[in-house]
Amino acid sequence: MITAIHNLIYSDDAAATRAFFKEVLRWPHVSDSSDGSAPLEGADVDDGAPESWLIFDTGPSELGVHPTVSTHGGREYRSERHHSISLMCDDLAATMAELGERGAEFAGEPVDMGFGIGVNLKVPGADDMLLYQPRHAVAYRAAE
């Protein structure tokens with residue numbers, strides 16, 4: 001049985017990306033060694049070497065499937081086939097303020113995206129991630 005989704009981010013500066021998730025987003029993590037030994041719960045080890053990769057608890061998740069071609073409001077939208085990671089929050093302005101105090105940077109101002117209000121969050125060493133306050137029903141609360 002599937003127990004979770006494991007997301008991957010490929011970074012040009014893995015240490016900076018890991019530090020962002022650990023220090024700015026403050027996500028809980030374990031340290032996993034590449035030699036197959038057991039993860040170190042809550043370990044604070046990350047020297048950038050594969051022997052001490054951090055694995056982050058991303059909390060509740062959900063998966064949406066979007067078409068590569070769709071029409072909304074008489075306008076056609078096209079996208080290349082790809083995977084995307086987005087972060088959701090209940091209050092975008094408050095979340096941006098809190099993350100900004102911790103050093104997070106944003107690419108532009110929040111915009112109405114139809115499905116919610118969103119802004120691109122800059123991730124050091126990696127591509128931006130969408131941070132948004134959804135207007136759509138959320139599946140991660142479905143089991144509550």
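## A salt bridge at E76

In this predicted model, E76 is partly exposed, at 45% relative accessibility. Its side chain meets that of R78 in a salt bridge, with N and O 2.8 Å apart. R78 counts as exposed, since its relative accessibility is 63% and the cut-off for exposed is over 50%.

## The other salt bridges

The structure holds three salt bridges. One of them joins the side chains of R102 and E98, at 2.2 Å from N to O. R102 is partly exposed, with a relative accessible area of 21%, and E98 is partly exposed as well, with 42%.

R135 forms a salt bridge with D112, where the closest N and O atoms are 2.8 Å apart. This pair links distant parts of the chain: R135 lies in the segment after β9 and D112 in strand β7, 23 residues apart. R135 is partly exposed at 48%, whereas D112 is exposed at 53%.

## The four-stranded sheet

Four strands form an open sheet with mixed pairing, in the order β6-β9-β8-β7. At the edges stand β6 (86-88) and β7 (106-112), each of which pairs on one side only. On average, neighbouring strands of the sheet are turned by 20° against each other, direction ignored.

Helix α2 (residues 92-101) packs on this sheet and touches β7, β8 (116-121) and β9. The direction of α2 makes about 140° with that of β9. Strand β9 (residues 129-134) pairs with β6 in the parallel sense, over three bridges. Within β9, L130 stands opposite S86.

## H29 in strand β1

H29 belongs to strand β1 (residues 29-32). With 15% relative accessibility, H29 counts as buried, because buried means under 20%. A polar atom of the H29 side chain lies 3.5 Å from the backbone oxygen of W27.

Methods. Residues numbered from 1 in each chain as written. Predicted model: local features only at pLDDT ≥ 70, side-chain atom pairs only at ≥ 80, totals over all residues. Heavy atoms only, no water. Pairing = 2+ DSSP bridges. Helix = DSSP H or I, 4+ residues; strand = E, 2+ residues; numbered from the N terminus. Axes fitted to C-alpha atoms, helices over the stretch in contact; angles between N-to-C directions. Contact = heavy atoms within 4.5 Å. Buried < 20%, exposed > 50% of the residue type's maximum accessible area, 1.4 Å probe, protein only. Polar contact = N/O pair within 3.5 Å; in protein donor to acceptor, adjacent residues only side chain to side chain. Salt bridge = Lys/Arg side-chain N within 4 Å of Asp/Glu carboxyl O.
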